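Dear colleague,

Please find below the structure that I am handing over to you, together with its sequence. My notes on what was found in it follow.

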There are 2 protein chains.
Amino acid sequence: MPTVKPVQRSAAAVARASAARRRGRPRLADRERLLDAAERAIRRGGPRVSLERIAATAGVTKPVLFSHVGDRRALVHALSDRLLTRIERAARAALASGSEGRAALERMVAAQLATIAGDRHVYAFVNGAGAGDTSLESTLAFARRAAAPLIAGIADARRRAGADPSPAEPWGFAIIGVLHMVGLWWLGDPKRELDPARLAAQLTELLWSGLAPRAESLEQRAVTRLAGGVAVVTGASRGGETR
Amino acid sequence: MPTVKPVQRSAAAVARASAARRRGRPRLADRERLLDAAERAIRRGGPRVSLERIAATAGVTKPVLFSHVGDRRALVHALSDRLLTRIERAARAALASGSEGRAALERMVAAQLATIAGDRHVYAFVNGAGAGDTSLESTLAFARRAAAPLIAGIADARRRAGADPSPAEPWGFAIIGVLHMVGLWWLGDPKRELDPARLAAQLTELLWSGLAPRAESLEQRAVTRLAGGVAVVTGASRGGETR
DNA sequence: GAAAATAAGCTACCGCGGGTAGACAATGGC
DNA sequence: GCCATTGTCTACCCGCGGTAGCTTATTTTC
């Protein structure tokens, strides 16, 4: 029996390919080009395109895709990277025109939502629809990277304000969760073309001011308010059919 | 060669023998029983168990599972239903001891987190890891049903308070998004055994009071605070590796 | 009481997609 | 020009979701 098992080939091949790419014929199989093609294929065919189709869109075959990009996980990771860069760029652009407090938050939220909506299929691909068996892990990995700067910023700000910085981490994930879920819902119903600016304003209101009533004199009203929500929560959860 | 059965028979057949041999009645394979078994299998084998294993755990075979429960989508839907019921029950129990305003929110959040943590695998199964090609749709479907009562409650409360009820829908999804993502993060790192009560308190703080500074005299500090976050956001998004 | 009718279940199979191995072509070195 | 190296393609494997048709056990009817 073949005890000779030259494994590690994939890893080795990948490393070698990237190194020796310019040795043989540089072909159009550049990694960036493959990723471009992958995005095109995903935009065209939805987040569930097969790797074969992605490769075909790039004009190559599956093994080439594998040797240059790697696993499907690796593809998800790479596209995550690009999408995060794009989101970050959009956020930076939205904030370029000077910002303060709440307005800055709103611009950022709007920018992220717009980016998600613009790349909805890529976003879906990166967040698990393309990952198959590891969808939640993909979502979490993406969230980790998206939340990292938020966490750092919040912790820093709280430290400077003399507050306990420990909520920073859950808060960062919470904010990403808001964007994630609302984005999902927003672009889930195609007919619902809610104004992005309006949506951003609403989310900002929640994130900035919370559910609490605005003035402390309204404390009594607050109780009523939450009590209403709670009553419904504890009521029937059997909502309408989604199909 | 005679028709020898190269089997996984031993597992399936034995299980079947114990369960189905006394099927005096064909109704033995009750739907609820199959769903119970599915949950057991998921808890045992993670959210990515195959249908074959689920069926084996139930002591039946795939076609039986199909005929009684239906598609994998249908299975996800059915388990969603059960999990939502459980979450709702936990929330109700947590609120049974009288509640007001912020405290009620905190109890609810804690209850939901606890339920998610307790059924982490089932939660993951229902939220896409088990759905394969339609993971985000599963997540959205679950969120729709989880958010429905929140949305109704918030809209009602806002209407009674004379406020615009239109943010209710995005807010409901936002809250579910917070629970979803933070829950994912929380139980994603097994070693991070952050105190659930503490986590719930932190999330409640965010949801109730928002990111805004507490007193208006701190407005200047607020600017600084968000500016810090923004600076990091617009900085490098290349966080640490997740692997 | 026996045998047909019937209903449930099981084995065996299909299609499809991710991932890989080994043959094949093209390029650079000698 | 020939060989080694390297990148690429064809053909395949495997596992899983989903289904078809035979088998078996229960029920019904004379």
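In chain A, the axes of helix 7 (residues 120–129) and helix 8 (residues 135–160) come within 7 Å and cross at roughly 115°. Axes here are lines fitted to C-alpha atoms, for helices over the stretch in contact, and angles run from 0 to 180 degrees between N-to-C directions. From helix 7 of chain A, the contact is made by A:V126, A:N127, A:G128 and A:A129, and from helix 8 of chain A by A:S135, A:L136, A:S138, A:T139 and A:F142. Two residues are in contact if their C-beta atoms, placed from the backbone, lie within 7 Å. The residues of this contact divide into four nonpolar, five polar and no charged (Ala, Val, Leu, Ile, Met, Phe, Trp, Tyr, Cys and Pro count as nonpolar, Asp, Glu, Lys and Arg as charged, and the others, Gly among them, as polar).

Please note that this is a predicted model, in which local features need pLDDT of at least 70 and side-chain atom pairs count only at pLDDT 80 or more, while totals for chains, interfaces and linings use all residues. Residues are numbered from 1 along each chain as its sequence is written, and chains are lettered from A and ligands numbered from 1 in the order in which they are written.

Chain A as a whole has eleven helices and zero strands (DSSP runs, H or I of at least four residues for helices and E of at least two for strands, numbered from the N terminus). Of its 243 residues, 45% count as buried, that is, with 20 or more other C-beta atoms within 10 Å of their own; exposed means 12 or fewer, and partly exposed lies in between.

In chain B, helix 6 (residues 101–118) has 18 residues and reaches 26 Å from its first C-alpha to its last, close to the 26 Å expected at 1.5 Å a residue. Helix 6 of chain B is largely enclosed by the rest of the structure, because 13 of its 18 residues are buried. In helix 3 (residues 51–58) of chain B, the buried residues include B:I54 and B:A55. This helix is followed by B:G59, whose phi is positive, near 80°.

B:A78 lies in helix 5 (residues 72–95) of chain B. B:A78 is partly exposed, with 18 other C-beta atoms within 10 Å. B:A78 touches B:L35 and B:V69, not counting residues up to four places away in sequence.

With kind regards

Terms used. Expected span 1.5 Å × (residues − 1).
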